[in-house]
Amino acid sequence: MSYQRMWKTPKSGGRSASDESAESYYGVPPIHKPHWKWLIIAYFYLGGISGLSYVIAELAEVTGDATNRVITRAGRYVSLGTLLPCPVLLILDLGRPERFLNMLRIVKLRSPMSVGTWVLVIFSGFCTRSVVAQAARDELWNRFKCAPHGIKAIQSRWMGVAGVPFGFLLGGYTGVLLAATAVPLWTKNALLMGPLFLASAASNATASITLVLCLSKAPHRALVRLERLEMCSLVVELGLLALNRRQLGQTIGRPLREGSTGRLYRFGVQGTGIAAPLMLTVAPMLAGMRPSRWRLALSSLLTLSGGFMFRYVMVIAGHRSADDPQATFELARRGSQESTGSVTDVNVHPVAPS
Amino acid sequence: MTAQPEDLATHAPVGFLTDTTLCIGCKACEVACKQWNSLPMDNVGFTASSYDNTRDLGATTWRHVAFVEQFPGNERPTTMPPFQSNWLMMSDICKHCVNPPCMQACPTGAIVISRFGTVVIQQDVCNGCGYCVPACPFGVPELSPLDNKAHKCTFCYDRLESGLEPACAKACPTDSIQFGYTDELALRARGRVDELRERGVEGAYVYGDQNAGGTGGIGGLRVSFILSAPSERYNLPAEPELPQRKSVPNYLSTLVASVAFGAMMTICLRK
Ligand code: SF4
Ligand code: SF4
């Protein structure tokens, strides 16, 4: 066979072999990073929006008044629109796309990826039901003269609510999936990963619905409610992000502070994606101004771009932390006893020099 | 190893004991593995300043001999330790975990524990999702660019079926790689560590052993190593952990967050 496994010899000018072998095994990463790139980043993004748009739409339906009808309507269509590319992205990302059905040969609660696949399948059913019901309400079927029989049977709003847990799971399981790996940046704060992805999905879904309503002629009262929701989710997201970064510590959190991912995290995720839309929302609200469509549309766009950058930074910073031997070593020094593993505090010579 | 062919599956799980104090870095195991499993050649080049030219484990490298040069006190050594001069050599391999993280991760069920107690990726099931790759705390499986499926050591499944020991153990000229039943090997490892300590290798221990940090949640390694320096020197994490250990609490925290967000949405979407 012609294939050769290739790598680049790291160039570390001026460093001696003793330096290289003192801190790690010549800088070779002790774990392998995943191959996930753009397809998965896009999937995380769209799946989150789809799941939480559905949740917002159905909760608006059962808890609200007539004003919420526009929110429900937009949420349901946004949910389907963002859901459709998801399976395609996932399948294309497989090494052997023709074998994607192997995912469905078992249900494995231990594997977040298996859980996620099934959540996607079940959620698709709920999402389709909602959109069919919505289309009936919008009298779309009459226009196509193909009103499906039995639409009445699925009109119940409680069927929509039954899908809400799956919508939440679709938004949050991606964090659980990343946390169930050996990648230090993802697994260090395992408990925070699910809520973090959920919070980002919530603010992105709110932003997409707001955007749609801004571009159509929705009543102001609906926009006010969405704006409130947007502000709350952004505040929660900001808090979770700050907590996450603090808990990561110096070594493992390095990719979120330094280099291109660090810059993108600071200015893109936090600045453009959260601080800017918050300012655009809070300042006029304090001044007692009515929401303007263009301001709302702008802040929604900023939130949506921030959500994408968040997924990108989390995935790529994960790769960087997997490539950093110090991060992996630190993660595995749980320090219940003085471990035989640490290179820093144990005499490396097997024999005491005489 | 003296096991009879028919014994291999019916007795306790099989495994390796890799006594790194005996390893001379000849790479016979690497070559035997490549030959028996028809694996293509790797890049020819050195890993930084080391004599290691296979770098790490991967889709086509299922044995990897690490070469660690020792500089006690960061100076040129002037004393000779009882084993391995001032080089540490270790033949690394898939640890064939008792409760394998890679198997827990796999969404297709391609990764199974064989009837010999070894961990095998079924190539006709794997769809190349790549989730096992970052799930392994030892960096073992990898997607091969040749067929886009995950590969790793099979513990010579085909040879075990015929009652033969794996090719690497067969080829090892110093018996640094010892094949056997894991309960016997554990006893042997303990005895050998005591012996090494008597002979002056004070830092000797069994990697993955409960006394040396254990393997949180992984439940032990069928392939154990006798090391004489901190495990990080050999690129092994000090106290590896089962990453999926955190999944249930993580789902719970996501559930709590969901309830909180649901409440928040309901309140915000009211009048
Ligand atoms: S060492 Fe890695 S690849 Fe081998 S069984 Fe354990 S988790 Fe799986
Ligand atoms: S790449 Fe193959 S073996 Fe690895 S988790 Fe995916 S399906 Fe399982």
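The shell around ligand 1 has 10 nonpolar, one polar and two charged residues. In these classes, Ala, Val, Leu, Ile, Met, Phe, Trp, Tyr, Cys and Pro are nonpolar, Asp, Glu, Lys and Arg are charged, and the others, Gly among them, are polar. Of the 13 residues around ligand 1, those that come nearest are B:Cys94, B:Lys95, B:Cys97, B:Cys102 and B:Cys136; a residue is near if one of its heavy atoms lies within 4 Å.

This is a predicted model, in which local features need pLDDT of at least 70 and side-chain atom pairs count only at pLDDT 80 or more, while totals for chains, interfaces and linings use all residues. Residues are numbered from 1 along each chain as its sequence is written, chains are lettered from A and ligands numbered from 1 in the order in which they are written, and side-chain values use heavy atoms, with hydrogens and water left out.

**Interface of chains A and B**

- Chain A brings 95 residues into contact with 109 residues of chain B, contact being heavy atoms within 4.5 Å.
- Chain A and chain B bury about 8900 Å² between them, with 58% of it on carbon and sulfur atoms. Buried area is the accessible area (1.4 Å probe) that two parts lose on being put together, summed over both.
- One salt bridge is counted between chain A and chain B. A salt bridge puts a side-chain nitrogen of Lys or Arg within 4 Å of a carboxyl oxygen of Asp or Glu.
- A:Arg333 forms a salt bridge with B:Glu232, with 2.8 Å between the closest N and O atoms.
- Several helices of chain A each supply at least two residues of the side that touches chain B, including H2 (38-63), H5 (112-137), H10 (190-215) and H11 (220-252). Helices (H or I, at least four residues) and strands (E, at least two) are DSSP runs, numbered from the N terminus.
- By class, the side of chain A that touches chain B has 53 nonpolar, 26 polar and 16 charged residues.

**Around A:Val164**

- A:Val164 lies in helix H8 of chain A. Its relative accessibility is 8%, so A:Val164 counts as buried. Buried means under 20% relative accessible area, exposed over 50%, partly exposed in between (1.4 Å probe, protein chains only).
- Beyond its neighbours within four places in sequence, A:Val164 is in contact with A:Tyr54, A:Val55 and A:Glu58.
- A:Phe126 is 38 residues from A:Val164 in sequence and 8.8 Å away, C-alpha to C-alpha.

**Salt bridges**

- The whole structure holds 18 salt bridges over all chains.
- A:Arg225 and A:Asp65 meet in a salt bridge (2.9 Å, N to O). The pair spans 160 residues, from helix H11 to the loop between H2 and H3 of chain A. A:Arg225 is buried at 4%, whereas A:Asp65 is partly exposed at 30%.
- B:Glu161 and B:Arg115 form a salt bridge (2.7 Å, N to O). B:Glu161 lies in helix H5 (residues 157-161) and B:Arg115 in the loop between strands E4 (111-113) and E5 (119-121) of chain B, so the pair ties together parts 46 residues apart in sequence.
- B:Asp19, B:Arg192, B:Glu195 and B:Arg199 are linked in a salt-bridge network. Within helix H7 (residues 182-198) of chain B, B:Glu195 and B:Arg192 are separated by about one helical turn because they are three residues apart.
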